[in-house]
Amino acid sequence: MTTDHESALDLDAYLARIGWTGERLPTVEVLRSVHRAHALGIPFENLDPVLGSAPSLTLADLEAKLVRGERGGYCYEQNTLLAAALTALGFKITLLCARVLLGAAPGEVRPRTHMLMRAEVPGESTPHLADVGFGAGSSLLEPIPLVADAELHDAPRRHRLVHAPHDGPLELWKLQTHTPDGEWEDQYAFTLEPFEAPDYEVINWHIATNPRSPFQHLLYVQRTTPEVHLALVGRRLVETAPDGTRNERELTDGDEALRVLASDFGIRLPEGTRLPG
C-alpha cells in the first residue's frame, strides 16, 4: 500500500473506536479480529454525497470523521482507514478495485468502483481478501483467504471465492455469499491488479457527484451488530436477524431519519442538518 497518510494514523484511537484490544502483531488471528471489530464497530453511510459533497479520503479527515466524529463512511473511507491500520500493525496491503455484481441485470456491465484490499500476513503463504466497505447485509465480516472454492464461515454469514472466465490476462475472482435459500450469489468481481490512492480519488469523486450515481441522491446506511443487521435505504428501515427474519417500516420524514441515525446507527450529524427528499 502506498499512501502519504498512513504514518499519521492514531492507532490507539482507531482501536478504541472499534473496541479491539489484543497483542498488536501481524498474525492471521489479529487480521480476522480487527476486521470483524471494524465491520461491527463503524457503520456504512453515504451521507456526505447525499448532502452535497464528496468525502475527503485523507487519513486525517477520515480519522476526524470515522474515528472521533460519531460517523461512518462508504467503501473508500472505510477501507482506506482499515488499510492504514493494518499497515501500522505490520501487514502488507495491496489496494484493489472490484466490479459490483450484486443487483446487476443480466448482461449489465458496471464500472469497477468498489475498493477492497489484499492483505499479506508475514510468514504465511496465503494472502487474504479484506473488505469492510461493501455496505450490504451480505458483506464480509472477516477476511477470506484468497483460495479458489474454499468457504469462509464468518458467522452468521458464509462466503466463498471462485474463479470466473474472462478475456483479460489476469485471473478473475468473484466473491459469493450463501443466501438463506441455499444459493451462492455473486457480490463482486475483481483481479489482483494493484490500485493506488489517486485512482480512488477519481472514483470517489465520480460516485459522490455524478447525478446518475445512486449514492449521490439516495441514502444508504448499514450497521451490523451481533444481534441484527440494520439498513436504511431512503426512508425504509429494515432490520434483519441472523436467521433471516426481517422487519421493515417506512420513516415518516427527514427528522425521524435523523433521530434513527443517532439512536440506531450511532451517527450524529451537526445541529441543523436537513436531509433532502
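Predicted model: local features only at pLDDT ≥ 70, side-chain atom pairs only at ≥ 80, totals over all residues.
Biologist: Which residues lie nearest the centre of the largest cavity?

Modeller: Ala39, Val132, Gly135, Ser139 and Thr224 do, out of 18 lining residues. By type, the lining has 8 nonpolar, 7 polar and 3 charged residues. Strand E10 (residues 220–224) contributes the most to the lining, with 3 residues.

Biologist: Is His38 buried or exposed?

Modeller: Buried means under 20% relative accessible area. His38 is at 0% relative accessibility, so His38 counts as buried. His38 belongs to helix H2 (residues 28–41).

Biologist: What does the side chain of His38 make a polar contact with?

Modeller: The partner is the side chain of Gln78, at 2.7 Å. Beyond its neighbours within four places in sequence, His38 is in contact with residues including Tyr14, Leu81 and Val132.

Biologist: How should I read a nonpolar core?

Modeller: In soluble globular proteins, nonpolar side chains tend to be buried together. Here the largest nonpolar core has 46 residues, and Tyr14, Val34, Tyr76, Leu86 and Tyr200 have the most contacts inside it. Elements giving two or more residues to this core include H2, helix H5 (75–88) and helix H6 (197–209). H5 supplies the largest share of this core, 8 residues.

Biologist: Where does the second core come in?

Modeller: The second core is separate and has 16 residues, among them Leu219, Ala257, Leu258 and Phe265.

Notes. Residues numbered from 1 in each chain as written. Heavy atoms only, no water. 1 Å grid on protein atoms, 1.4 Å probe; cavity = no way out; pocket = protein on both sides within 12 Å on 5 of 7 lines; lining within 4 Å. Helix = DSSP H or I, 4+ residues; strand = E, 2+ residues; numbered from the N terminus. Nonpolar A, V, L, I, M, F, W, Y, C, P; charged D, E, K, R; others polar. Buried < 20%, exposed > 50% of the residue type's maximum accessible area, 1.4 Å probe, protein only. Polar contact = N/O pair within 3.5 Å; in protein donor to acceptor, adjacent residues only side chain to side chain. Contact = heavy atoms within 4.5 Å. Core = buried A, V, L, I, M, F, W, Y, C linked by side-chain atoms within 4.5 Å.
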